[in-house]
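Me: Could you go through this model with me, starting with how helices pack and then moving on to other parts?

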Amino acid sequence: MSLRFNALNNLLNSQTVQPGNSTKITAIFAENVFTHQVARQFLSDEAFKSLLGSIRAGQKIDRSMAAQIANGIRAWADTKGVTHFTHWFQPLTGTTAEKHDSFFTLKSDGTPIEQFEGDALIQQEPDASSFPSGGLRATFEARGYTAWDPSSPAFIMDTGYGKTLCIPTIFVSYTGESLDYKAPLLKAIEALNHAAVDVCNYFDRNVAHVTPTLGWEQEYFIVDEGLFNARPDLVLCGRTVFGHNPAKGQQLEDHYFGSIPERIYAFMLDYENEAYKLGIPLRTRHNEVAPAQFECAPIFEEVNLAVDHNTLLMDIMTRVAARHKLRVLLHEKPFAGINGSGKHNNWSMATDTGVNLLAPGKTPKTNLMFLAFFVNSIKAVHDYSDLLRASIASASNDFRLGANEAPPAIISVFIGEYLTKVLQDVKARVTEKMDETDESMLKIDIHRSIPELLMDNTDRNRTSPFAFTGNKFEFRAVGSSANCANAMTVLNTIMADTLKKFKKDVDGLIEKGEKKEIAIMHTIREYIVASEKILFEGDGYSAEWEKEAERRGLPNVKTTPLALDAMVTEKAKKLFSDNNIYSHPELEARHEIELEKYIKKVQIESRLMAELSTSHVLPAAVRYQNILVENVKGLKDIGLGDAACAQRTEILSKISEHINKVSELTVAMIEARKKANNLTDTRGKALAYCTDVKEKFFDELRYHVDKLELMVDDKEWYLPKYRELVFLR
Ligand code: ADP
Ligand code: MG
């Protein structure tokens, strides 16, 4: 029996899953995290102070202190039955990496003991040669090491088979170039902190620290494990490369409003519990638009922690799903013709005085501060929209962006009608001759026109890739499988850079004798004028917007190899080195790595398409073709004339045509791949894979395969069909 029918049978006979006991969340929340409270218990005053100093002010922890902290962490882990530890990091492959070592060791006389030394906490040297480095390690040094990031707390990963203490770390080359997602993110957070504090101090001298915040919303699909295993494309690429649309898709929109299916519900409760134990503050869960699509979202956190929690959650979901004989699909577009998945990144900035810098203020003065940060955000996106676009570019997100569903490849900003009016007002009323009375009148009017219930009045536009939603911006074009760190590094860097310029511009006017608040107003006005072409309130999915965007000169880059060009422009190099995020070689290495990832992904998909065509599709189609041939022959033998055969012959000729096309295209695609493989320049190769392999063959090949799926006898078809994958569970 084929895997398909076996899986369908198993589904029919599978036992209904009992949802586990609902546990009170507060009873388990963060029980596997080395939180401040736990640290307080397990560390001496001195060690605790040193740890806090490092977390809050980035102070260095010296060796003896590190030894004490390591001891405290191990003592805590011991009470939880932990035997191993690992440096947990986020290499550029897009997943997380770990290398486990046991606490167990032998003393010189052979006595077995368990220990965790300060050095082991601070630094490790995993074998870095198999992680992507874009040539960096070759150029600099053959080694890479992981270094402890005290700002993200240690946690215990409990897989059910064993417990491992995980130390969040950054991953850098021996000479200090970053090889992961976290090191640059931490630098960007620091750059933003400095720039934002300076601007805050115009309004409030008490602000000493600003942290970017992130609340992600994670979309995903769930399929039955048996059906998943019968689809080599899901197993190897995370998406279906073939598959005809089911008669019923998402047109009835019954999934979005429906209740969560039992089996999925049990899975959700299970992974949520795991997440809570790790301190991931999940808040919402619901069905999404497409059948078999779901979403979860936590309460927002500081961006570094939020990124760790998102990557951790993707891991947990995948692991817990296996327990339920389910599979999580994090791919941006697992099924053609059905909605794809994104990861909305809700982003804002918070001060140590407890102010959300993107929330409208309570007084005219704090509202001016809000306006400054709001307009700087728009200016940052305007000036560097190409970099934001590059930050979300991937082979898998290409199937989603710019398709006529879910954000276009054009970056624009939605701000809603109230704030549009406010910006117009500022534009009209801030003039050269403006005096203090004009200024305070305007400030009061702005205050009046930003209603407190702003939150309820925005967020009407779901088609914008970057939308203001009342007290934060929501970057919606991030891919569901992406590490948010990449987008967040760029966003925080461009914001830092823009704020720095803002401060310089305002100070320049003040030096010329302008009063501070008037100087701020003038600069805000200048920024509004300079960046208003990025603002768009209409339907981002429409064809008119593409034309309008072109007229405005906004870039609309639809494919990854071209979008990535933005990473290595002179402007980008200057931005990232000015703000100490990436050196030029680092940036070039990253560009190279992203291109290579793209090439490999398209290459794997193309290989798989050829293999499936030859070994799954054609045999089934040919078998059915033979049956029809026999049938026509038989009809003729017994003297039934052309009339009876006509219909059968027509089907036969159609099937034969599709069979021929599939064979021809497969051969031609392999040839195109060979040509692409011979190219030595990485960018050229990526472009060749994009246009000569993917664009030229994928859709057409798929068209003929999907036609065959509709015609060939169902019992001959071994790949589970869309209706089974998305509706059966
Ligand atoms: P929705 O977008 O579904 O209407 P909300 O607006 O309540 O839901 O929030 C969506 C996400 O935005 C949540 O993950 C939430 O944690 C996050 N969020 C809310 N406030 C902030 C903030 N100040 N900074 C970053 N993220 C935030
Ligand atoms: Mg949202």
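Predicted model: local features only at pLDDT ≥ 70, side-chain atom pairs only at ≥ 80, totals over all residues.

Me: OK, so how do H14 and H17 pack?
Reply: Helix H14, residues 364-383, packs against helix H17, residues 436-449, at an angle of about 80°, and their axes are 9 Å apart. Because that angle falls in the range from 65 to 115 degrees, H14 and H17 are described as roughly perpendicular to each other.

Me: Which residues in H14 and H17 meet there?
Reply: From H14 there are Pro364, Asn367, Leu368 and Leu371, and these meet Lys443, Ile444, Ile446 and His447 in H17. By class, the contact of H14 with H17 divides into 5 nonpolar residues, 2 polar residues and 1 charged residue.

Me: And H4 with H5, what's the crossing angle?
Reply: The axes of helix H4 (residues 45-57) and helix H5 (residues 63-79) cross at roughly 100° and come within 9 Å, and H4 and H5 are therefore roughly perpendicular to each other. On the H4 side the contact is made by Ala47, Ser50 and Leu51, while H5 brings Met65, Gln68, Ile69 and Gly72.

Me: Switching to the ligand, which residues come nearest to ligand 1?
Reply: Of the 15 residues around ligand 1, those that come nearest are Thr213, Gly215, Phe300, Asn346 and Ser348. Strand E9 (210-224), strand E11 (293-298) and strand E14 (343-351) are the elements that give two or more residues to that shell.

Me: What about E7 and E8, parallel or antiparallel?
Reply: Strand E7, residues 155-158, and strand E8, residues 163-173, pair in the antiparallel sense over 4 bridges, and Ile156 stands opposite Leu165 in E8. The hairpin of E7 and E8 has 4 residues between the strands, and in this hairpin Gly160 takes a positive phi near 95°.

Me: Which residues other than glycine have a positive phi?
Reply: Among them are Ala30, with a positive phi of about 60°, and Lys325, where phi is near 55°. As background, most residues other than glycine have a negative phi.

Me: Where are Ala30 and Lys325 found?
Reply: Ala30 is found in the loop between helix H2 (25-28) and helix H3 (36-42), whereas Lys325 is in the loop between helix H13 (303-323) and strand E13 (326-329).

Me: Is Ala30 buried, exposed or partly exposed, and what about Lys325?
Reply: Ala30 counts as partly exposed because it has 18 C-beta neighbours inside 10 Å, and Lys325 is partly exposed as well, with 16 other C-beta atoms within 10 Å.

Me: Last one, where does Lys503 lie and what does Lys503 touch?
Reply: Lys503 lies in helix H19, residues 484-511, and, not counting residues up to four places away in sequence, Lys503 touches Asp198 and Val199. With 18 C-beta neighbours inside 10 Å, Lys503 counts as partly exposed.

Me: How are the C-alpha atoms of Lys503 and Asn678 separated?
Reply: The C-alpha atoms of Lys503 and Asn678 are separated by 50 Å, and the two residues are 175 residues apart along the chain.

Note on methods
Residues numbered from 1 in each chain as written. Chains lettered and ligands numbered in written order. Near = placed C-beta within 6 Å. Buried ≥ 20, exposed ≤ 12 C-beta atoms within 10 Å, placed from the backbone. Contact = placed C-beta atoms within 7 Å. Pairing = 2+ DSSP bridges. Axes fitted to C-alpha atoms, helices over the stretch in contact; angles between N-to-C directions. Parallel < 35°, antiparallel > 145°, perpendicular 65-115°, else oblique. Nonpolar A, V, L, I, M, F, W, Y, C, P; charged D, E, K, R; others polar.
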